[in-house]
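Please go through the chain below with its local geometry in mind. The report starts with one residue and then widens to the whole fold.

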Amino acid sequence: MPPFRTVGPILAAALLLAAVAAPLAAQPSAAPPAVDEATAALHAAFTEAMTNVKLVGVFTVDGADEGRMQRDEYTISSVTKSPKGDVWIVSARMRYGDVDLTLPVPVEVKWAGTTPMIILDKVTIPGLGTFSSRVLIDGPRYAGTWQHDAVGGHMFGKIVPAEDAGADK
């Protein structure tokens, strides 16, 4: 997604995301519903693939110069399956200016066969707008779409271990 324009909105978003995710992360340790062996293996592989990684790539803006892409980077320290349906908690690092926070972000993960798709669906953040995204994870690559109110586009790139991402800067 495109970077925020001021530090104030990112702090507001960070606080809101933390407030939304905290109840999910703090659920009592009730046993999650039983899953079959194949689903458990998919979940384990997704958790391993998305722990201590950076999504390093580019994004486009619909209607803008099609040849112009902007750099995009997301740091994910961990993903954890919530006992609530398809909800996962993604611990994501947000950096902008002097702000550097890691927050739990609740997302849905749906499966197209063995391919996970991360979904953020029309999440409204007061003062910032409504956000949606659909991001497919395919081995060491990701690709998807993003929407922020009336502005949207595509995003794609590679998934690298967090310690290797510095070489791409």
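Predicted model: local features only at pLDDT ≥ 70, side-chain atom pairs only at ≥ 80, totals over all residues.

Lys122 lies in strand β5, which spans residues 115-125. Its phi is positive, at about 50 degrees, although Lys122 is not a glycine.

Asn52 also calls for a look at phi. The value is positive, about 55 degrees, and Asn52 is not a glycine. Asn52 sits in the loop between α2 and β1. With 44% relative accessibility, Asn52 counts as partly exposed.

| Residue | Relative accessibility | Class |
|---|---|---|
| Asn52 | 44% | partly exposed |
| Thr145 | 35% | partly exposed |
| His43 | 14% | buried |

### Overall layout

How many helices and strands does the chain have? The secondary structure comes to 2 helices and 8 strands. In sequence order the pattern is α-α-β-β-β-β-β-β-β-β. The chain has 169 residues, and 33% of them count as buried. Its accessible surface comes to about 9600 Å². Carbon and sulfur atoms hold 60% of that surface. Consider the contacts with a separation of 6 or more: 45% of them join residues 24 or more positions apart.

### Helix α2

Helix α2 covers residues 37-49 and includes His43. The helix has 13 residues. From first C-alpha to last, α2 reaches 18 Å, close to the 18 Å expected at 1.5 Å a residue. Asp36 caps the N-terminal end of α2. One of its side-chain oxygens lies 3.0 Å from the backbone nitrogen of Ala38.

Is His43 buried or exposed? His43 counts as buried, because 14% relative accessibility falls under the 20% cut-off. Leaving out residues up to four places away in sequence, His43 touches Lys81, Trp88 and Trp111.

### The nonpolar core

In soluble globular proteins, nonpolar side chains tend to be buried together. Here the largest nonpolar core has 20 residues. Phe46, Met50 and Ile137 have the most contacts inside this core.

### Strand β7 and its two partners

The β6 pairing is antiparallel and runs over 8 bridges. Ser133 stands opposite Trp146 in β7, and Leu136 stands opposite Ala143 in β7. The hairpin of β6 and β7 has 2 residues between the strands. In that hairpin, Gly139 takes a positive phi near 60 degrees.

Gln147 stands opposite Gly152 in β8. The hairpin of β7 and β8 has 2 residues between the strands. Asp149 lies in this turn, with a positive phi of about 55 degrees.

### Thr145

Thr145 belongs to β7, which covers residues 141-148. Why does Thr145 count as partly exposed? Its relative accessibility is 35%, so Thr145 falls between the 20% and 50% cut-offs.

Beyond residues up to four places away in sequence, Thr145 touches Ser132, Ser133, Arg134, Gly153, His154 and Met155. Among them, Ser133 is the residue that stands opposite Trp146. Thr60 is 85 residues from Thr145 in sequence, and their C-alpha atoms are 9.2 Å apart in space.

Conventions: Residues numbered from 1 in each chain as written. Heavy atoms only, no water. Helix = DSSP H or I, 4+ residues; strand = E, 2+ residues; numbered from the N terminus. Buried < 20%, exposed > 50% of the residue type's maximum accessible area, 1.4 Å probe, protein only. Contact = heavy atoms within 4.5 Å. Core = buried A, V, L, I, M, F, W, Y, C linked by side-chain atoms within 4.5 Å. Areas by Shrake-Rupley, 256 points an atom, 1.4 Å probe, with all protein chains shown as cover. Expected span 1.5 Å × (residues − 1). Polar contact = N/O pair within 3.5 Å; in protein donor to acceptor, adjacent residues only side chain to side chain. Pairing = 2+ DSSP bridges.
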